[in-house]
Amino acid sequence: MDLDKFIRTIPDFPKTGINFKDITPLLNHAEAFQFAIDNLAKQITQDFDVVVGIESRGFIFGAALAYKLNKRFVPVRKRNKLPAEVHRTEYKLEYGSDILEIHKDALSPQDKVIIVDDLLATGGTVSAVEKLVALSEADIKAIVFLIHLEFLMGHQKLKCPNIVSLLRYN
C-alpha cells in the first residue's frame, strides 16, 4: 500500500514556508492505519519492554504499537498534565521553549524502551524525550516515526542510532 497518498501536504501551515505533513487522512482510513501500524511493528527488530509515546500524535501510534506488540505504554506529556511526581526537561522550539514530563515511576533501569512519535523534523522534541528516559536510566533501543523529514537533519540530534520510519521525505 502506498501510504504517501494518505499524507496531505498543507503549504504555509502553521506559517509561511512550512509544508505541513497532515496525517489525518491516514488516520481516517482504517486499512491505511492498520497497514502503517503493522509495518512499523515489523520494522522494530530490537528487543524491548516499553513504548514511550510523545504527546500528542505519538500517543496514537505508540498506543497502537504497544497493543499490537503486547508491550507497556508510557506517555510523555507537556508540563502539568501528569498527576504524580515527574522528571521534567525543557527544550527549545522555533518560537521559544516548552517542558516535557514523564512520571518518575514509569520506567526503571531494567527497561528497554522504544520512543514513538508521528514525525521527526528538527529532532528537538524527541531529543528531550531521550533525556527524560535517561533520567530513569532505561535503555533506548529504537526511535520510531511514521514520517521522517530527512532534509531537516533532526536525526543528527539524537543519541539513539536506531531510527525506524515508514515514510521519508528529502
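**Helix packing, aromatic pairs and backbone exceptions**

In the predicted model, helix H2 (residues 30-43) packs with helix H3 (residues 57-69) at an angle of about 65°, and the two axes are 10 Å apart. The crossing of H2 and H3 is right-handed. On the H2 side, the contact is formed by Phe 33, Ile 37, Asp 38, Leu 40 and Ala 41. These residues meet Ile 60, Phe 61, Ala 64, Leu 65, Lys 68 and Leu 69 of H3. By residue class, the contact of H2 with H3 comprises 9 nonpolar and 2 charged residues, with no polar ones.

H2 itself has 14 residues and reaches 20 Å from its first C-alpha to its last, close to the 20 Å expected at 1.5 Å a residue. Its buried residues are Ala 32, Ala 36, Ile 37, Asn 39, Leu 40 and Ala 41. An α-helix has 3.6 residues a turn, so residues three or four places apart point the same way. The buried residues of H2 pack against H3 and also against helix H1 (24-27), strand E8 and strand E9 (163-169). Ile 37, Leu 40 and Ala 41 belong both to the buried set of H2 and to the contact with H3.

Helix H4 (residues 124-135) has 12 residues and spans 17 Å from its first C-alpha to its last, close to the 16 Å expected at 1.5 Å a residue. Within H4, the buried residues include Gly 124, Val 126, Ser 127 and Ala 128. Val 129, Glu 130, Leu 132 and Val 133 of H4 are buried as well. The cover over the buried residues of H4 includes strands E3 (50-54), E4 (72-78) and E5 (86-93). Strands E6 (96-103), E7 (112-120) and E8 (139-149) also contribute to this cover.

Leaving aside residues up to four places away in sequence, Ile 140 touches Val 113, Ile 115, Glu 130, Val 133 and Cys 160. Ile 140 and Phe 48 are 92 residues apart in sequence, yet their C-alpha atoms are 8.5 Å apart in space.

A search of the whole structure finds 3 aromatic pairs. In one of them, the rings of Phe 13 and Phe 20 have their centres 5.2 Å apart and their planes at 85°, so the pair is edge-to-face. Phe 13, at 42% relative accessibility, is partly exposed, and Phe 20, at 22%, is also partly exposed. Another pair joins Phe 59 and Phe 73, with ring centres 6.1 Å apart and planes at 90°, so this pair is edge-to-face. Because Phe 59 lies in helix H3 and Phe 73 in strand E4, the pair ties together parts that are 14 residues apart in sequence. Phe 59 is partly exposed at 22% relative accessibility, as is Phe 73 at 30%.

Phe 20 is also a contact of Thr 9, a residue of strand E1 (residues 8-11). With residues up to four places away in sequence not counted, Thr 9 touches Asn 19, Phe 20 and Lys 21. Thr 9 and Lys 21 are 12 residues apart in sequence and 4.8 Å apart in space, C-alpha to C-alpha. The relative accessibility of Thr 9 is 37%, so Thr 9 counts as partly exposed.

Most residues other than glycine have a negative phi, and most peptide bonds are trans. Exceptions of both kinds occur in the model. The peptide bond from Phe 13 to Pro 14 is cis, with omega near 0°, and Pro 14 lies in the loop between E1 and strand E2 (19-22). A cis peptide bond also joins Glu 55 and Ser 56, with omega about 0°; Ser 56 is found in the loop between E3 and H3.

Asn 70 is not a glycine but has a positive phi of about 55°. Asn 70 lies in the loop between H3 and E4 and is exposed, with a relative accessible area of 70%. Glu 137, likewise not a glycine, has a positive phi of about 65°. Glu 137 follows H4, in the loop between H4 and E8. At 57% relative accessibility, Glu 137 is exposed.

Methods: Residues numbered from 1 in each chain as written. Predicted model: local features only at pLDDT ≥ 70, side-chain atom pairs only at ≥ 80, totals over all residues. Heavy atoms only, no water. Axes fitted to C-alpha atoms, helices over the stretch in contact; angles between N-to-C directions. Helix = DSSP H or I, 4+ residues; strand = E, 2+ residues; numbered from the N terminus. Left-handed = near helix turned anticlockwise from the far one by under 90°. Contact = heavy atoms within 4.5 Å. Nonpolar A, V, L, I, M, F, W, Y, C, P; charged D, E, K, R; others polar. Expected span 1.5 Å × (residues − 1). Buried < 20%, exposed > 50% of the residue type's maximum accessible area, 1.4 Å probe, protein only. Phe/Tyr/Trp six-rings, centres within 6.5 Å; stacked < 30°, edge-to-face > 60°.
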